[in-house]
Amino acid sequence: MNKQFGWWFFTCGNQILVIPQGERIPYGDVDDLPLPELDFSQVERFSHYQGEACLRLELAEPIDLGMGEWVELRASMALLNSQLFDLVGKAQQFALFLKTHRFCGSCGEALQRVDWELAMQCQQCGFRAYPRISPSIIVLISHGSKVLLANHRRHQKQEQPIYTAIAGFVEAGETLEHTVHREVSEETGLRIKNLRYWKSQPWAFPHSLMAAYFAEYDSGDIHIDRRELADAQWFDVSQLPHLPPPGTIAREMIDHWTEQLSHNK
Ligand SMILES: [Zn+2]
């Protein structure tokens, strides 16, 4: 198979080249793309989309490639379909993995690429490294027609503060359910019940996999953890605050809950 044919993910740090036409990721044979001289020996094949290879080429500078424009990886979410956006995430995680796994963490030897799976192997001691994936949870807590949404410290600077669901990383030795209860208790002081798993979403900034849950309020008053949150409140479905952008799992959960509520009326 020709290594130089497929979907082209031109990246430069945290930017990706997006074109105005079609699926918005350049597609085709390298010889047919209107490109200046690039070092195509550095092309990495990292996945497939619609039966064709996904090829990544990292550029040192966001130079003018004569087509499209450079956009921030996260911002490409609004331009690409969700499958392609997940592939952008995969390309990013792949790049991060190669960059941070050049030497064996056990004996210090240089690592070699494994050619049949995404891994790096030590010839000296046999240690094999895989891309890091950090499981995390996100939970939307409802109480009748109200929903608990929090403004995180990291979102506080924005002009219109974003309110979103409670989320956090899984700690070593925890089940996902345990993490949900612990995060809710730590960040809000509340107890929850009727925990229901919904779906998951990979999130490549930098390497998380989020498991989404719905839950209902059980007991307690809101006491927020000020290190993490700036505010948390119950919002009625008729008066929701500024929400996370479409495409995020948090927004999808809030929209799903709103829809369910209107069906059950
Ligand atoms: Zn080793």
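Is Arg182 buried or exposed, and what is its relative accessible area? In this predicted model, Arg182 is buried, with a relative accessible area of 12%; buried denotes under 20% relative accessible area, exposed over 50%, and partly exposed the range in between (1.4 Å probe, protein chains only). Because the model is predicted, local features need pLDDT of at least 70 and side-chain atom pairs count only at pLDDT 80 or more, whereas totals for chains, interfaces and linings use all residues. Residues are numbered from 1 along each chain as its sequence is written, and side-chain values use heavy atoms, with hydrogens and water left out.

Arg182 forms a salt bridge with Glu171, with 3.6 Å between the closest N and O atoms; a salt bridge is defined as a side-chain nitrogen of Lys or Arg within 4 Å of a carboxyl oxygen of Asp or Glu. The pair links distant parts of the chain: Arg182 lies in helix 2 (residues 176–188), and Glu171 lies 11 residues away in the loop between strand 12 (166–169) and helix 2. Helices (H or I, at least four residues) and strands (E, at least two) are DSSP runs, numbered from the N terminus. Glu171 is partly exposed at 43% relative accessibility. Both residues belong to a network of salt bridges that links Glu171, Glu174, Arg182, Glu183 and Glu186.

The structure holds 11 salt bridges. One of them joins the side chains of Arg128 and Glu117 at 2.7 Å, N to O. Here too the pair links distant parts of the chain, with Arg128 in strand 9 and Glu117 in the loop between strand 7 and strand 8, 11 residues apart. Arg128 is partly exposed at 28%, as is Glu117 at 24%. A further salt bridge connects Arg251 with Asp255, the closest N and O atoms being 3.2 Å apart. Arg251 and Asp255 are separated by about one helical turn, because they stand 4 residues apart in helix 3 (residues 249–263).

The zinc ion has as protein donors Cys104 (SG), Cys107 (SG), Cys122 (SG) and Cys125 (SG), at 2.3 to 2.4 Å. Donors are N, O and S atoms within 2.8 Å of the metal (3.2 Å for Na, K and Ca); water is not among the atoms, so sites may look incomplete. The arrangement is tetrahedral because the 4 donor atoms subtend angles of 100 to 116°; for four donors, this class requires all angles to lie between 85 and 135 degrees. Along the chain, the donors follow the spacing C-x2-C-x14-C-x2-C.

Conventions:
Tetrahedral: all angles 85-135°; square planar, octahedral: opposite > 155°, others 65-115°.
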